[in-house]
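Okay, thanks for coming, everyone. Let me put the structure up and then walk you through a few parts of it.

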Amino acid sequence: MENTAPQLFKITFDGIEIEVPPGTTIMQAARTLGPHYAPPAMCYYEPLKGTGGKCRACLVKVAAGSAKDPRPMPKLVPSCITTVQDGMVVENTTNESVLETRRGIVEFLLINHPLDCPVCDQAGECHLQDFAFEHGRVTTRYEEERRTFDRHDIGPYVQLHMNRCILCYRCVYTADQITDKRVHGVLNRGDHAEISTYIEKAIDNDFSGNVIDVCPVGALTDKTFRFKNRVWFSKPVDAHCDCEKCSGNVTLWYRGDEVIRVTARKNEWGEVKEFICNTCRFERKKTSDWTIEGPTKISRHSVIMANKYRADLKKPEFGLKVAAAQYKQIDDSRPYVTDGSTIRELSKENNVKANQRSLAENN
Ligand code: SF4
Ligand code: FES
């Protein structure tokens with residue numbers, strides 16, 4: 001009887017053999033091994049067709065092109081858009097030039113980034129933070145002025161903070177593929193490229209809020225949630241409702257008893273599983289609107305996953321290097337005090353001094 005089983009390609013990824021169907025990309029093949037093996041991705045987004053090839057975060061070395069032609073590929077290739085060949089040998093973390101290039105890519109992505117994580121709503125679930133933590137340098141060599149933009153409200157619910165945008169195009173593909181009238185896109189090219197709504201038109205359709213979930217950084221934020229809480233102080237819970245427009249499967253983010261944010265559910269790669277409508281996202285903010293399923297399983301992309309930044313996990317010397325490079329030596333001769341009431345008195349004194357200083361500076 002004829003063998004109808006599909007032919008599989010055998011590839012070696014960081015020394016591990018995998019069999020995948022023809023047409024699979026290197027990234028998809030690597031993802032079958034799990035999050036610790038897959039290359040980082042800042043623009044590739046599996047649920048959206050055509051994404052990838054923009055950020056270069058996922059570059060890998062192809063040490064042998066195929067069984068038929070085992071020559072190495074001359075340059076590093078983006079794993080998210082390069083399909084596997086039978087007998088291909090790929091090096092990811094096992095190749096120093098890949099790691100060195102990734103350090104450069106992080107530095108490049110951060111060139112114009114405002115580094116305002118302390119006030120950014122995305123902090124704690126930002127893919128750029130993760131990428132910089134896992135692959136970045138401790139310092140930057142960039143000395144030029146960063147490009148800056150005014151903030152724009154695009155529609156009643158979404159704010160664009162272009163300074164943080166890394167031009168991954170995910171929001172453009174989202175608007176193209178899941179809404180019926182896209183009115184925003186990337187205008188201009190090179191250093192002048194920016195996400196913009198044509199002639200300042202608002203994104204106004206039932207699924208526009210999904211651009212917030214796909215944005216890997218804090219460039220597109222939820223205006224109903226802005227500055228309400230830090231992600232690590234909130235409690236995510238899976239819930240669903242009977243919705244006419246979408247699946248109604250969401251994650252509710254609680255602060256105490258209050259629902260402060262509603263998002264789509266995400267998979268282990270931080271990608272939306274099912275896009276949700278604006279009514280679910282922005283208008284159903286009461287527990288009584290939902291049927292609660294239970295606590296959300298936290299992905300590695302969230303800072304609230306226990307021990308994400310555990311000292312022995314990666315780069316144990318990271319914190320020390322930052323401290324050595326960026327902070328001046330502490331020269332403090334004040335006595336070491338542990339008594340509570342003395343500390344309170346000293347704090348009051350310090351507050352008074354700080355107020356006097358700021359009054360003097362403003363006059
Ligand atoms: S706004 Fe966000 S999703 Fe859109 S291109 Fe910029 S970084 Fe990507
Ligand atoms: S994830 Fe492959 S180029 Fe951006």
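**Around ligand 1**

So, the shell around ligand 1, sorted by class, has 13 nonpolar residues, no polar ones and 1 charged. Nonpolar here means Ala, Val, Leu, Ile, Met, Phe, Trp, Tyr, Cys and Pro; Asp, Glu, Lys and Arg are charged, and the others, Gly among them, are polar. In total 14 residues surround ligand 1, and the closest are Cys 165, Cys 168, Cys 171, Cys 215 and Ala 219. A residue gets into that shell if its C-beta atom, placed from the backbone, lies within 6 Å of the ligand.

Quick housekeeping. This is a predicted model: local features need pLDDT of at least 70, side-chain atom pairs count only at pLDDT 80 or more, and totals for chains, interfaces and linings use all residues. Residues are numbered from 1 along each chain as its sequence is written, while chains are lettered from A and ligands numbered from 1 in the order in which they are written.

Zooming out, the protein chain has 8 helices and 14 strands. Those are DSSP runs numbered from the N terminus: H or I, at least four residues, for helices, and E, at least two, for strands.

Now, helix α3, residues 127-135: how many of its 9 residues are buried? The count is 7, and they are His 127, Leu 128, Gln 129, Asp 130, Phe 131, Ala 132 and His 135. Buried means 20 or more other C-beta atoms within 10 Å of the residue's own, with C-beta atoms placed from the backbone. Part of the cover over those residues comes from α2 (96-110).

Technical notes
Buried ≥ 20, exposed ≤ 12 C-beta atoms within 10 Å, placed from the backbone. Contact = placed C-beta atoms within 7 Å.
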